[in-house]
Amino acid sequence: IEKFINLALGGILGDVSSYAMDPAQAYRVRSVVESEIAYFGGKVDNIHIFAHSQGTAITFETLFTQLEKEDREKIKTYVTIGSILSYYYDTSPILEYSYPPSRFRMDEYPKFPDDFQWINCWNLLDPITDFQGLDEFFHESEVKISPQNIKTRARSHSDYWGNVEEVHLPFVNRIFGVHDSESFWEKSKEEHNPWKDENTYGRIILGLF
């Protein structure tokens with residue numbers, strides 16, 4: 001058990017610390033994602049981003065603070081699973097001393113396409129998600145963007161990958177523009193989502209995990 005805990009902490013928290021506190025390393029990682037989006041953006045109409053764990057912090061910062069306007073206009077779906085964004089959000093006041101301006105507490109979100117949708121899947125047994133959805137990212141601004149938090153069945157931080165009904169099928173439906181009123185995402189809209197009535201439904205998929 002001790003060996004497993006040491007490995008988990010060293011692997012997961014080590015990556016988190018490096019990305020959070022090392023500007024050069026964070027830039028190198030983000031630049032790869034940004035260049036891939038720019039490359040595929042010139043070849044396709046829609047881009048769908050699917051990110052897990054530490055990948056959610058990398059993609060969030062890339063999408064919301066780094067992308068050029070013309071590249072951001074191609075982003076139609078952003079799916080985060082097992083997100084670590086709550087930790088980044090909570091530690092932003094500390095990170096700002098080393099890395100201004102704020103990377104995860106923004107006064108205003110950038111403009112995305114009208115049919116853009118951010119889906120966040122989490123579960124009560126995943127400590128990496130801080131045992132909750134990304135409620136911190138519900139934001140009141142002129143551009144109303146917030147995650148639709150979907151509580152899924154899972155036993156661990158990695159179980160989302162095997163959750164076909166609650167994660168993968170709704171994602172595939174959205175990619176192909178299939179509107180299924182019985183899909184798990186549709187039926188799981190949380191009542192406290194202030195922008196739930198403005199979420200819309202709909203080929204390239206970029207995955208970072």
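Predicted model: local features only at pLDDT ≥ 70, side-chain atom pairs only at ≥ 80, totals over all residues.

Colleague: How many helices and strands does the chain have?

Modeller: Helices (H or I, at least four residues) and strands (E, at least two) are DSSP runs, numbered from the N terminus. Here there are 8 helices and 5 strands, in the order α-α-β-α-α-β-α-α-β-β-α-α-β from the N terminus.

Colleague: What percentage of the residues count as buried?

Modeller: Buried means under 20% relative accessible area, exposed over 50%, and partly exposed in between (1.4 Å probe, protein chains only). By this criterion, 48% of the 209 residues of the chain are buried.

Colleague: Which residues of the largest nonpolar core touch the most other members?

Modeller: A nonpolar core is a set of buried Ala, Val, Leu, Ile, Met, Phe, Trp, Tyr and Cys residues joined through side-chain atoms within 4.5 Å. In the largest one, of 35 residues, they are Phe60, Leu63, Phe64, Ile75, Tyr78, Tyr88 and Trp118. Elements giving two or more residues to this core include α1 (2-21), α2 (23-41) and α3 (54-66); the largest share, 5 residues, comes from α3. A second, separate core of 13 residues includes Ile81, Cys121, Trp122 and Ile175.

Colleague: Is α3 largely enclosed or open?

Modeller: Since 11 of its 13 residues are buried, α3 is largely enclosed by the rest of the structure. Among the buried ones are Phe60, Leu63 and Phe64. From first C-alpha to last, α3 reaches 17 Å, close to the 18 Å expected; the expected span is 1.5 Å times one less than the number of residues.

Colleague: Which residues does Trp118 contact beyond its sequence neighbours?

Modeller: Contact means heavy atoms within 4.5 Å. Leaving aside neighbours within four places in sequence, Trp118 is in contact with residues including Phe60, Phe64, Tyr78, Leu134 and Phe137.

Colleague: Does Phe176 count as buried or exposed?

Modeller: Phe176 counts as exposed, because its relative accessibility is 53%. Phe176 lies in the loop between α7 (164-175) and α8 (184-187). By contrast, Asp22, in the loop between α1 and α2, is partly exposed at 32%.

How values were computed. Residues numbered from 1 in each chain as written. Heavy atoms only, no water.
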